[in-house]
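The sequence and the model are shown first, and the description follows.

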Amino acid sequence: MRSTEKKRSVLLGLILTSAIGFGSGAVFMSADASSNPAPAKMMDTLPAETLDAIHSANNLSMAFRAVSEHVMPSLVAIENRPAVAVAKPSGNIRPSADPFHGNNPFKGTPFEDMMREFGGMEGMRRFEMRPDGKMMPKGFGDQMPRRGRGIGSGVVIDASGIILTNNHVVSGGGEVTVKLNDGREFVASQVWTDPDTDIAVVKIEGATGLVPAALGDSEETDIGDWVIAMGQPFGLESSVTAGIISAKHRGIGITARENFLQTDAAINPGNSGGPLVNLKGEVIGINTAISSRGGGNDGIGFAVPSNLARWVSDQLVENGSVKRAYLGVGIQPVTQDLAGELGVQPRGGVLITDVYDDTPAAEMGLQAGDVIVQFDGKDVRTPQALQLAVERSPVGEKVPVKVVRDGNRIDLAYKGTEAKKGFFQKRQQSSETQSEQSPTVKIDGVGVEVASLDSAIAKSLNIKSESGVVVTAVNEGSAAEDAGLQPGMVITEVDRQPVNSVKEFESAITGDSDEKTLLLVKTERGSRFVVVKRN
């Protein structure tokens with residue numbers, strides 16, 4: 001061995017042993033040790049059951065590989081360049097690119113020669129400190145998302161140039177650029193968005209040879225199923241991660257219409273809009289959000305189910321917007337406390353708290369206190385599920401609805417009706433101050449004070465009601481506080497019976513010998529039922 005090569009070998013050995021901390025190593029046979037026996041092959045030494053397990057794992061690996069190769073041509077990168085340039089922030093403090101001022105920091109150590117062969121400090125200058133504290137090659141960060149532009153993923157679903165992605169990837173105006181898996185780039189000719197579901201459709205023109213991915217039935221997907229998340233995380237092209245479906249029908253409060261699939265497949269910034277794929281090679285979700293403390297994957301990601309994405313995208317392509325049917329009610333989930341008072345099982349339906357005038361709900365005969373247990377032949381257990389089922393109802397057609405009223409099941413029919421413009425928008429809060437209230441009455445057993453409600457008080461509270469009593473005070477530590485009652489709420493029913501005055505309320509609640517009392521309360525946000533458990 002020549003001197004230079006020998007020195008380099010020694011230096012590499014020092015670096016490797018330093019890096020591993022002498023914690024592990026491998027035995028290598030020298031080239032001239034022909035008299036020693038050949039190393040044993042692991043597969044020849046394992047019992048049959050272990051070999052079966054390894055073969056099963058290899059089969060799963062082959063499945064992941066096949067799915068990735070099948071869907072990868074449909075995967076695209078999407079960038080939304082805003083029309084107005086975003087100024088770079090000033091005053092950032094960055095570590096010096098050359099803290100040693102051109103000198104070799106390893107001079108006088110065994111690493112001096114190696115440093116020289118790597119190009120000295122010029123070689124070190126090929127690396128930079130990223131804002132997250134990681135050392136990376138210069139230019140690596142050019143592919144990372146920056147504020148002021150949207151970078152994400154998408155999936156081709158039609159060979160004519162229709163691409164499915166997220167609204168938050170393409171929203172905000174500007175030029176939307178699509179980069180295909182083969183490297184070709186196109187500027188979008190059309191962009192349609194639906195912020196309520198965070199779904200968007202991008203159309204490109206003149207792209208030949210597009211390979212559309214198949215949309216699967218997300219209702220057939222179940223908890224525990226293997227899935228693959230595909231996309232461009234951190235600007236890295238065509239990345240694949242694997243995991244399982246860990247939950248369904250999630251509502252996490254980030255969009256108006258939610259029914260997310262939850263997965264532990266790694267979804268990171270840049271994966272948004274990419275496909276979540278089952279082992280049949282079908283897209284069963286569109287990657288949308290993560291639950292993260294530090295901005296990266298923490299093992300909880302969310303995807304819009306393919307059935308919802310398909311329904312939204314079809315309407316966007318056909319109409320340019322999404323037309324939704326509506327019912328015209330206020331709703332809340334059925335908790336364990338409420339279930340006992342309503343004669344249903346917890347999560348055994350969706351509770352109606354308000355029925356608005358001149359709506360399909362009023363026309364079909366729904367009442368506050370009804371529990372919808374089935375809609376169009378399917379069980380509904382959450383407000384999100386009912387909302388989505390109603391909105392996808394065919395306009396003009398009737399569908400059966402089963403409700404529980406006062407413990408009895410009754411059949412109703414809903415006629416699909418397109419929502420009035422602005423119906424889903426929240427009511428504006430009133431800035432008027434509350435007028436002088438009438439004398440209050442204190443209910444000691446419940447820990448609440450109430451006063452009569454009139455039109456002036458109702459208007460000041462921004463509540464459309466002239467019947468009931470208004471809560472004026474709630475005792476700390478009382479049953480009323482535990483139930484969530486607050487000053488300014490209006491109580492309209494006690495145990496499903498309307499109350500129109502303080503006297504009626506006092507009589508109803510003090511005359512109730514049960515340990516639990518069911519109240520219907522109203523606020524400016526709508527109505528809901530609460531259960532007061534007496535101390």
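The model described here is a predicted one. Ser452 belongs to strand β23, which covers residues 448-452. Its C-alpha atom lies 4.9 Å from that of Val469, although 17 residues separate Ser452 and Val469 along the chain.

## The chain as a whole

The protein chain contains 12 helices and 28 strands. Of its 535 residues, 39% are buried.

## The nonpolar cores

The largest nonpolar core consists of 28 residues, and the residues with the most contacts inside it are Leu164, Ile199, Met230, Ile286 and Val312. Two or more residues are given to this core by each of the helices α2 (48-71) and α6 (306-319) and by each of the strands β5 (162-166), β9 (199-203), β10 (226-231), β14 (283-290) and β15 (301-305). The most is contributed by α6, which provides five residues.

Which residues does Leu164 contact, leaving aside its neighbours within four places in sequence? They are Gly154, Val155, Ile157, Ile199, Ala200, Val201, Gly273, Ile286, Ala309 and Ser313. Another core, of 21 residues, lies apart from the largest one, and Val469, Ala480, Val530 and Val532 are among its members. Val469 is also the residue whose C-alpha atom is 4.9 Å from that of Ser452.

## The barrel and the helices across it

Six strands form a closed barrel in the order β10-β11-β12-β15-β14-β13, and their pairing is antiparallel. From one strand to the next, the twist averages 45 degrees. In general, the strands of a sheet pair through backbone hydrogen bonds, in either a parallel or an antiparallel manner. Arg250 has Phe260, in β12, as its bridge partner.

Helix α2 lies across β10, β11 and β13 (275-278), and it runs at about 40 degrees to β10. Helix α6 lies across β14 and β15, at about 50 degrees to β15.

## A buried serine in a loop

Ser218 is located in the loop between β9 and β10. Is this residue buried or exposed? Its relative accessible area is 2%, so Ser218 is buried, the limit for that class being under 20%. Apart from neighbours within four places in sequence, Ser218 is in contact with Lys248, Ile284, Pro305, Ser306 and Asn307.

## Salt bridges

Side chains of opposite charge can pair when their charged atoms come close. In this model, 13 salt bridges are counted. One of them joins Glu391 and Arg257, whose closest N and O atoms are 2.5 Å apart. Glu391 lies in helix α9 (residues 383-391) and Arg257 in the loop between β11 and β12, so the pair ties together parts that are 134 residues apart in sequence. Both Glu391 and Arg257 are buried. They also take part in a network of salt bridges that links Asp194, Asp196, Arg257, Arg324 and Glu391.

Asp411 forms a salt bridge with Lys402, with 3.0 Å between the closest N and O atoms. Asp411 has a relative accessible area of 59% and is therefore exposed, whereas Lys402, at 32%, is partly exposed. A further salt bridge connects Arg496 with Asp406, where the closest N and O atoms are 3.3 Å apart. This pair links distant parts of the chain, 90 residues apart: Arg496 is in the loop between β25 (490-494) and β26 (497-498), and Asp406 is in the loop between β20 (398-405) and β21 (408-415). Because its relative accessibility is 55%, Asp406 counts as exposed.

Terms used: Residues numbered from 1 in each chain as written. Predicted model: local features only at pLDDT ≥ 70, side-chain atom pairs only at ≥ 80, totals over all residues. Heavy atoms only, no water. Helix = DSSP H or I, 4+ residues; strand = E, 2+ residues; numbered from the N terminus. Core = buried A, V, L, I, M, F, W, Y, C linked by side-chain atoms within 4.5 Å. Buried < 20%, exposed > 50% of the residue type's maximum accessible area, 1.4 Å probe, protein only. Contact = heavy atoms within 4.5 Å. Pairing = 2+ DSSP bridges. Axes fitted to C-alpha atoms, helices over the stretch in contact; angles between N-to-C directions. Salt bridge = Lys/Arg side-chain N within 4 Å of Asp/Glu carboxyl O.
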